[in-house]
Amino acid sequence: MLSGEVALDDEMPASPRLDFAPPAPIEALDFVQISGRIKWFDVVKGYGFIVPDVDGPDVLLHITTLRKDGFQTANEGERIVCEAIRRAKGLQVLKIVSMDGSRGTLPCEWQPPRTHVQVVPTSGFEIVVVKWFNRVRGFGFLTRGDGTRDIFVHMETLRHYGIAELQPGESLLARFGDGPKGLMAAEVRPLNARLPMSH
């Protein structure tokens with residue numbers, strides 16, 4: 001061995017063997033390219049949905065995908081082109097190709113829609129769970145469980161009974177009736193509220 005040479009076999013550890021299999025080629029995944037509009041997106045919740053241009057179910061857009069592709073938020077009505085992957089619960093955006101905010105509505109421009117619909121309750125108080133609620137949009141939906149119709153709830157109804165906001169998964173008491181587009185909450189109370197006496 002010449003002067004200055006290092007005996008690699010004696011002094012250096014052997015390189016680890018790469019025994020793992022390479023990742024599956026990206027073409028093997030079930031990708032779909034979708035164009036559509038943002039239905040709604042909630043930065044606090046960390047997700048939202050896209051309505052595709054072609055008939056089909058809404059597509060889930062998660063905030064991690066949004067941020068990964070260089071966007072901070074998505075406003076209702078924005079045009080979007082994306083690549084989605086089929087998952088057990090439906091399509092989910094994996095990559096945003098483009099998003100055009102020129103037709104979107106900024107959150108500060110939202111005014112919760114007012115409702116003049118007065119619903120006559122046809123039920124007694126029942127325990128319901130908040131399915132989702134968007135304070136900016138001013139409404140949400142309640143559920144009594146699998147196999148039951150969703151119950152629309154408006155922000156004005158909540159305010160009337162002293163409730164400022166609802167969180168998904170939260171339980172409360174509600175009376176509801178038939179509205180113009182389905183079941184609608186007529187009265188909502190916290191789960192531990194003292195209920196008015198029925199006559």
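Reader: In this predicted model, which residue forms a salt bridge with Arg 189?
Author: The structure is a predicted model. A salt bridge requires a side-chain nitrogen of Lys or Arg within 4 Å of a carboxyl oxygen of Asp or Glu. For Arg 189 the closest N and O atoms of the pair are 2.6 Å apart, and the partner is Glu 187.

Reader: How many residues apart in sequence are the parts tied together by Arg 175 and Glu 187?
Author: Arg 175 forms a salt bridge with Glu 187. Arg 175 belongs to strand 9 (residues 171-179), while Glu 187 belongs to strand 10 (residues 182-190), so the pair ties together parts whose separation in sequence is 12 residues.

Reader: Is Glu 187 buried or exposed?
Author: A residue counts as buried under 20% relative accessible area. Arg 175, at 25% relative accessibility, counts as partly exposed. Glu 187 has a relative accessibility of 8%, so it counts as buried.

Reader: Which residue forms a salt bridge with Asp 150?
Author: The structure holds 7 salt bridges. In the one formed by Asp 150, the closest N and O atoms are 2.9 Å apart. This pair links distant parts of the chain, 19 residues apart: Asp 150 is in the loop between strand 7 (139-143) and strand 8 (151-154), and its partner is in strand 6 (residues 126-134). That partner is Lys 131.

Reader: Which residue in strand 4 stands opposite Ser 35?
Author: Strand 1 (residues 31-42) and strand 4 (residues 79-87) run antiparallel and are joined by 7 bridges. Within strand 4, the residue opposite Ser 35 is Val 81.

Reader: In strand 2, which residue is the bridge partner of Arg 37?
Author: Strand 1 pairs with strand 2 (residues 47-52) in the antiparallel sense over 6 bridges. In strand 2, the bridge partner of Arg 37 is Val 51.

Reader: Which residue takes a positive phi in the hairpin of strand 1 and strand 2?
Author: The hairpin has 4 residues between its strands. The positive phi is near 90°, and the residue that takes it is Gly 46.

Key: Residues are numbered from 1 along each chain as its sequence is written. This is a predicted model: local features need pLDDT of at least 70, side-chain atom pairs count only at pLDDT 80 or more; totals for chains, interfaces and linings use all residues. Side-chain values use heavy atoms; hydrogens and water are left out. Two strands pair if DSSP finds at least two bridges between them. Helices (H or I, at least four residues) and strands (E, at least two) are DSSP runs, numbered from the N terminus. Buried means under 20% relative accessible area, exposed over 50%, partly exposed in between (1.4 Å probe, protein chains only).
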